[in-house]
Amino acid sequence: MESVGLLPVLAVSATLFITGAAGVLTRRNALIVFMSVELMLNAVNLAFVAFSRQANTIDGHVFAIFVMAVAAAEAAVGLALVILLFRNRVTVSLDDLNLMKG
Amino acid sequence: MFQPVLFYLFSLVAIVAGLVVVSSRNPITSALSLVACFFCLAADYVLLDAHFVAVIQVLVYAGAIMVLFIFVIMLLNLRDDIPVPLGDISRRSMVGLAVAGLLGVGVITALDRSIADAKVPDINAATYGTITQVGEQLFGGAYTLPFEVVSALLTVALVGAVVLAKKEI
């Protein structure tokens, strides 16, 4: 059975990664920025899986599972921060967070 | 010839859903598009013989993490993104899109050179990517210590989330 080659998978992965990066850099809503980060992590997972199949090993799958665990931890802490932020400032706009003049 | 067609189809839907995620004004639309994107990526994983990763993708990503996102969006009762003055939008977007475009050029030139005609190896489709193989690698191979570290990380994140979000401890 013919299966898809390495290049198309990496092209899809790169497209998703760049889409997520554009979202992180252009959006102001903290939740949408978080979702864009999740999109980037998924793009990386796709590349891991594609390279893993290309090398005929299973290590890429293990790494993808680790990335998912880290993403879950990041989502939990990040969303707790968003809730804390909303409780104190009644906003989720990143433009309103200029306390540290960053 | 059946598998590449399915792969392109799911990938196209995933990319369109990804574009909706970053361009939608409404966070709920973004979150639901992200769920669609994750499902399509899970289908891509199946086509790449990563069966266990596909299952985990649906259970953990499209299930648990996105439920958390949608729960928070609905808890905060967020309206559409607040409009900003037009000059501000274009300046921010221009810089962001320029940086993302540069990143894209870098990634795509890196793609072109060496891997365009890499051959897909013959893998054993009956055992490759199954939970047995992933589990043997995870628990019997070199990844036992990282696995334990990840469990510690998840515990720390759990405690941290509770400490952050709780009013009085």
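Student: How do you know what span is expected for helix H3 of chain A, and what does H3 reach from its first C-alpha to its last?

Tutor: Keep in mind that this is a predicted model. The rule is 1.5 Å times one less than the number of residues. Helix H3 covers residues 59-89 of chain A, 31 residues, so the expected span is 45 Å, and H3 reaches 44 Å, close to that.

Student: What comes just after H3 in chain A?

Tutor: That's A:Val90, with a positive phi of about 50°.

Student: Which elements make up chain A, helices or strands?

Tutor: Chain A has three helices and zero strands, in the order α-α-α from the N terminus.

Student: What makes a residue of chain A count as buried, and what percentage do?

Tutor: Buried needs 20 or more other C-beta atoms within 10 Å of the residue's own. By that cut-off, 55% of the 102 residues of chain A count as buried.

Student: What makes chains A and B partners in contact, and how many residues take part?

Tutor: Two residues are in contact if their C-beta atoms lie within 7 Å. On that basis, 72 residues of chain B are in contact with 64 residues of chain A. The chain B side has 57 nonpolar, eleven polar and four charged residues.

Conventions. Residues numbered from 1 in each chain as written. Chains lettered and ligands numbered in written order. Predicted model: local features only at pLDDT ≥ 70, side-chain atom pairs only at ≥ 80, totals over all residues. Helix = DSSP H or I, 4+ residues; strand = E, 2+ residues; numbered from the N terminus. Buried ≥ 20, exposed ≤ 12 C-beta atoms within 10 Å, placed from the backbone. Nonpolar A, V, L, I, M, F, W, Y, C, P; charged D, E, K, R; others polar.
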